[in-house]
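Notebook open, structure loaded. I'm jotting down what I look up as I go.

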Amino acid sequence: MKSPELQASMIRNLVLLSCVGLRHVLVHVGGLEINSWLQHIGVEPQFRNGLRVIDTLTMEVVVKVLVSKVNIKQLVSLISLAGVTAVGLCGKDARPSPYAAVRGFVGEVTRIHLSVLHPIIASGHIPVKPTVAADETG
């Protein structure tokens, strides 16, 4: 997120919703952080028609940023510090997008494992899911 104030406000709202009994899943994309890390290693982020192009190197950065840095170190920690337990998840149920030839490692969700989400949500935890997945070939 662009500012710590915006991030803190979003976390407070998530915790408030959880405290009043609304159950939700936080799905995040981390676009600004991905751009920053790409530029940090000398790679200019690429977009086609406003959508990110994800080559092999970009995918490595996306996974590191979304799964490690943003998901676990930031969002899960901040939500937990605000008083509600958060659980970081990473899925594997995707298939290549019809746009994969143009945009690289881009996919579509094929299913959501509700049997995993329901117990987490029912016990009052907030699942936090990055927009990263793998298909059956990895």
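Where is the place of Arg52? I find Arg52 in strand E3, residues 51–52; strands are DSSP runs of E, at least two residues, and helices are runs of H or I, at least four, numbered from the N terminus.

Ground rules first: this is a predicted model, where local features need pLDDT of at least 70, side-chain atom pairs count only at pLDDT 80 or more, and totals for chains, interfaces and linings use all residues. Numbering starts from 1 along each chain as its sequence is written, and side-chain values use heavy atoms, without hydrogens and water.

Entry: Arg52. I note that Arg52 is buried yet has no salt bridge, with the nearest side chain of opposite charge, Asp55, 9.0 Å away. Buried is under 20% relative accessible area (1.4 Å probe, protein chains only). A salt bridge needs a Lys or Arg side-chain nitrogen within 4 Å of a carboxyl oxygen of Asp or Glu. I do see the side chain of Arg52 in a polar contact with the side chain of Asn35 at 2.8 Å (N or O atoms within 3.5 Å, one able to donate a hydrogen and the other to accept it; residues adjacent in sequence count only if both atoms are side-chain atoms). A polar atom of the Arg52 side chain also lies 3.3 Å from the backbone oxygen of Gly31.

Entry: helix H2. I looked up residues 31–40 and found Ile34, Asn35 and Leu38 buried. They sit on the same side of H2, because they cover an arc of only 100° around the axis, taken from the directions from the helix axis to the C-beta atoms. After H2 I find Gly42, with a positive phi near 85°.

Key. Buried < 20%, exposed > 50% of the residue type's maximum accessible area, 1.4 Å probe, protein only. Lys, Arg positive; Asp, Glu negative; His and termini not counted.
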